[in-house]
4 protein chains.
Amino acid sequence: MSDRTPPARYDDLAAVYINCTLKPRPELSHTELLGEASMQIMREQGVRVTSIRAVDHDIAPGVQPDMTEHGFARDDWPAIQRQVLDADILVLMTPIWLGEKSSVATRVIERLYGWSGELNDDGQYDYYGRVGGCLVTGNEDGIKHVAMNVLYSLQHLGYTIPPQADAGWIGEAGPGPSYGDELDDGSRAGLDNEFTQKNTTFMTWNLLHLARLLKDAGGIPAHGNQRTAWQKGERFGFHNPEYR
Amino acid sequence: MSDRTPPARYDDLAAVYINCTLKPRPELSHTELLGEASMQIMREQGVRVTSIRAVDHDIAPGVQPDMTEHGFARDDWPAIQRQVLDADILVLMTPIWLGEKSSVATRVIERLYGWSGELNDDGQYDYYGRVGGCLVTGNEDGIKHVAMNVLYSLQHLGYTIPPQADAGWIGEAGPGPSYGDELDDGSRAGLDNEFTQKNTTFMTWNLLHLARLLKDAGGIPAHGNQRTAWQKGERFGFHNPEYR
Amino acid sequence: MSDRTPPARYDDLAAVYINCTLKPRPELSHTELLGEASMQIMREQGVRVTSIRAVDHDIAPGVQPDMTEHGFARDDWPAIQRQVLDADILVLMTPIWLGEKSSVATRVIERLYGWSGELNDDGQYDYYGRVGGCLVTGNEDGIKHVAMNVLYSLQHLGYTIPPQADAGWIGEAGPGPSYGDELDDGSRAGLDNEFTQKNTTFMTWNLLHLARLLKDAGGIPAHGNQRTAWQKGERFGFHNPEYR
Amino acid sequence: MSDRTPPARYDDLAAVYINCTLKPRPELSHTELLGEASMQIMREQGVRVTSIRAVDHDIAPGVQPDMTEHGFARDDWPAIQRQVLDADILVLMTPIWLGEKSSVATRVIERLYGWSGELNDDGQYDYYGRVGGCLVTGNEDGIKHVAMNVLYSLQHLGYTIPPQADAGWIGEAGPGPSYGDELDDGSRAGLDNEFTQKNTTFMTWNLLHLARLLKDAGGIPAHGNQRTAWQKGERFGFHNPEYR
């Protein structure tokens, strides 16, 4: 059955999943549970998957590539940054607190942003040619609010966002179980939610498809989007609008 | 100079720009002025560009494809929907009011959403294979807030979002001139803002690049993202995460 | 039992609830159902409650008080504006579509904003002395995203926002029943959600308490917040920060 | 001139300003510069003002009152929490990065949220009776996006939000000077922006007015908003809406 045969190979691709839970290992992260489902699909296709729990690292505040050069005694970010740059795919994962992504997620985005001054060999922003997605869980409300900020940040940095590049789970309004929590009847909250299953699957495959396309194309074509060329005065057809 | 020669032809592509200003024609729309700069780049590459001012049309409230089938005497949306579906590229343009996109932009997104139940021949959401961007102007504050919602909505519907797919102009905090307004010194507000020029150019070219890539690839590969296959029970490698 | 006796009378207060559903009457609005619970508490206290379904009115696009003076043949907004100004309390009610408030809600906020140039007798923004809240329903995700925008807009216009001034209901992630829809077991979705019941009750009473306080105080004291005095040069103790 | 005489005394009030800049002392914080202008108005009225730079403290991730009870070796938050609870007024101050509040601001809100399970003597959420505001600076775009989240979070926790309770400064779209930076002509960016001056002044006075009103009223009246009474079954007039 043709649906079951992927249209390409993906075993030359690498993906980094950064889980922005507030809980250090070995505490259970509900968000990581959902992330595992996505990572598993990628691993089955031979993708090299790296899973990082950001809160386990000492990530300094700031928007410079290495904050030890700006007064901080320690900064674990540069090592994570290298992993991000070695990967074709980045998935940010975060819980929801008060309807918002976690402070750890905000920190990770600030540090990714700290690299946005760097360019690739074509003079494009260094993140070009990569694809990004996001996974969100909470016990109530906020997937879309969180995802719109995370995906916006990624595309602003240079990531391509495939269709339906977010997925998540929340329960009905009000306090309640988190994703994967055992319920009174012995089942696990959210695990049988077909909407979450479907969105997670679609996100994962769309990340693979776009990463494949971009890798085969050698990245985003270098025309009309190179900061170096712009700074030299090239305008790529831009003319100021005429006022009428 | 290689930078000046585009890496491909784009004259088989079509783009729709929907301006969501609150002002009917022939009133001047500051947002349209910025849009013209982007459209001009596309037209120079032979792209068939359609420019729609949504407020000039009678777009009924609702989330069904044709609201005349749901009690409304008139609904101009279905004709716009056809233009959107005939195009490879969609750019939503909106002013900012109280930090938010316009009510016309919200209406347009609701109606685009009304089509999200429709599938293409591969069983994917009908918007798959298309790319989306957004342009925003205001006299103060809100480009990113507006863009994160617009771009999120587009990717949720099935659009691919290229890198840096938004651009805009706002002035310093506080009331002041809108984009293109004549200033005391005879110049025009925002027109010389190089950041706005650059972002508009990069957005436009990245839309072209991704539209080209997707068109040449025959759309997003149909695997792992087909609602029909999912409904028939195909899971594309998704397994529930194991609780540990 | 002291808890059961309200600490004041409220029968001199007036409240306006504007329902921003996309569905005209007589169609059922799930959001209105929740609104009724709040209105009922107010009515029992003698508050004069007016319920408006915005989509039943022809509200022109724009940000001027009366758009018939700006080229529109019809504009039902000025009559609604008068009702809003006659009331001590304003509650905006909206469904969620694609994680966002409705286009009708956005339109209502734009038109409220169109009055923000008007001042009261003390030279304060005309909305001062009033209190605002919001009610939101959807079948999944978005109460907080919607409420943060609605409440922000209201406070920006001059409304005071009491504690916990929003309430709502959403179901588990994914499509599903809306508030009040009959379920297979004959019960109604959301009606027994104690979190929604509690938040609706707390919001309603906090609106009453703050409206009472502000009315008894004769509004927000007129010092440090009068646009007229500011324009005449009064600075109320503001000094530019010293740069150190 | 009556405008110059405040309508009350405020020297029994206390305010805490938490600056959520990413930069530790003694680095200059542009946001703090604007905060100083607001604090100065309060100090002139005898208000006891405490200024905290959050990044100088080791605030553990999590949503419990004291994270040293949950595996963290150190947590400076409980001392800050006490200061917040000792104050009538809370102002959160944050820079903008990628259109968003800082990770430090997100952390502070998470920790404030960690106290939301605590009740006052009337059975209300412990933050009741207090007022909140926010100050935001950046070099471009995002005041309203940031403020709507910060103010929403504060009202959700139990704070009352006065009219126009946010202020800030941003420059024109694109990179540029931050608030207070010296410009080529020797002036300081933003310092002469009358909109920023006015909003900062109005915010400050409206915080004072509402704090005064609430203190004189003994807090928010305890009826219809007490979690303890609700848990005992009191419903304060709430009835489920009748389905029609």
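**Figure 1. Confidence of the predicted model.** Chain A averages a pLDDT of 96, and 98% of the residues score at least 70. The structure shown here is a predicted model. Its scores are ipTM 0.97 and pTM 0.98.

**Figure 2. The interface of chain A with chain B.** In this view, 59 residues of chain A are in contact with 58 residues of chain B. Four helices of chain A each supply at least two residues of the side that touches chain B: helix 1 (30-44), helix 4 (143-157), helix 5 (194-216) and helix 6 (227-231). Helix 5 of chain A gives the largest share of this side, 11 residues. Sorted by class, the side of chain A that touches chain B has 30 nonpolar, 20 polar and 9 charged residues.

**Figure 3. How chain A and chain B are related.** Two copies of a chain are related by a rotation about an axis and a shift along it. For this pair, a rotation of 180° with 0.0 Å of shift along its axis superposes chain A on chain B, with an RMSD of 0.0 Å. Which surface does each copy use to meet the other? The copies meet through the same surface, because 98% of the interface residues of chain A are also interface residues in chain B.

**Figure 4. Helix 4 of chain A against helix 4 of chain B.** The axes of helix 4 of chain A and helix 4 (residues 143-157) of chain B come within 9 Å and cross at roughly 100°. An angle of 65 to 115 degrees counts as roughly perpendicular, so helix 4 of chain A is roughly perpendicular to helix 4 of chain B. From helix 4 of chain A, the contact is made by Lys144(A), Ala147(A), Met148(A), Asn149(A), Leu151(A), Tyr152(A) and Gln155(A). From helix 4 of chain B, the contributors are Lys144(B), Ala147(B), Met148(B), Asn149(B), Leu151(B), Tyr152(B) and Gln155(B). The residues of this contact divide into 8 nonpolar, 4 polar and 2 charged.

**Figure 5. The interface of chain D with chain B.** Here 17 residues of chain D are in contact with 17 residues of chain B. Helix 4 (143-157), strand 6 (166-171) and helix 5 (194-216) of chain D each supply at least two residues of the side that touches chain B. Which element of chain D gives the largest share of this side? The largest share, 4 residues, comes from strand 6 of chain D. By class, the side of chain D that touches chain B has 6 nonpolar, 8 polar and 3 charged residues.

**Figure 6. The axis between chain D and chain B.** Chain D is superposed on chain B by a rotation of 180° with 0.0 Å of shift along its axis, and the RMSD is 0.0 Å. The two copies are therefore related as by a two-fold rotation axis. In chain D, the C-alpha nearest the axis belongs to Glu172(D), 2.1 Å from it. The same surface serves both copies, as 100% of the contact residues of chain D recur in chain B.

**Figure 7. Helix 3 of chain B.** Is helix 3 of chain B largely enclosed or largely exposed? Of the 11 residues of helix 3 (residues 103-113) of chain B, 10 are buried, so this helix is largely enclosed by the rest of the structure. The buried residues are Ser103(B), Val104(B), Ala105(B), Thr106(B), Arg107(B), Val108(B), Ile109(B), Glu110(B), Arg111(B) and Leu112(B).

Figure 8. In chain A, the peptide bond from Arg25(A) to Pro26(A) is cis, with omega near 5°. Pro26(A) sits in the loop between strand 1 (14-19) and helix 1 of chain A. In chain D, the peptide bond from Arg25(D) to Pro26(D) is cis, with omega near 5°. Pro26(D) is in the loop between strand 1 (14-19) and helix 1 (30-44) of chain D.

**Figure 9. Two residues of chain B with positive phi.** Leu98(B) is not a glycine, yet its phi is positive, about 55°. This residue lies in the loop between strand 3 (89-97) and strand 4 (100-101) of chain B. Leu98(B) counts as buried because it has 21 C-beta neighbours inside 10 Å. Phe236(B), also a residue other than glycine, has a positive phi near 55°. Phe236(B) lies in the segment after helix 6 (227-231) of chain B, and with 20 C-beta neighbours inside 10 Å it counts as buried.

Terms used. Residues numbered from 1 in each chain as written. Chains lettered and ligands numbered in written order. Predicted model: local features only at pLDDT ≥ 70, side-chain atom pairs only at ≥ 80, totals over all residues. Contact = placed C-beta atoms within 7 Å. Nonpolar A, V, L, I, M, F, W, Y, C, P; charged D, E, K, R; others polar. pLDDT = per-residue confidence, 0-100. Axes fitted to C-alpha atoms, helices over the stretch in contact; angles between N-to-C directions. Parallel < 35°, antiparallel > 145°, perpendicular 65-115°, else oblique. Least-squares fit on C-alpha atoms with pLDDT ≥ 70 in both. Buried ≥ 20, exposed ≤ 12 C-beta atoms within 10 Å, placed from the backbone.
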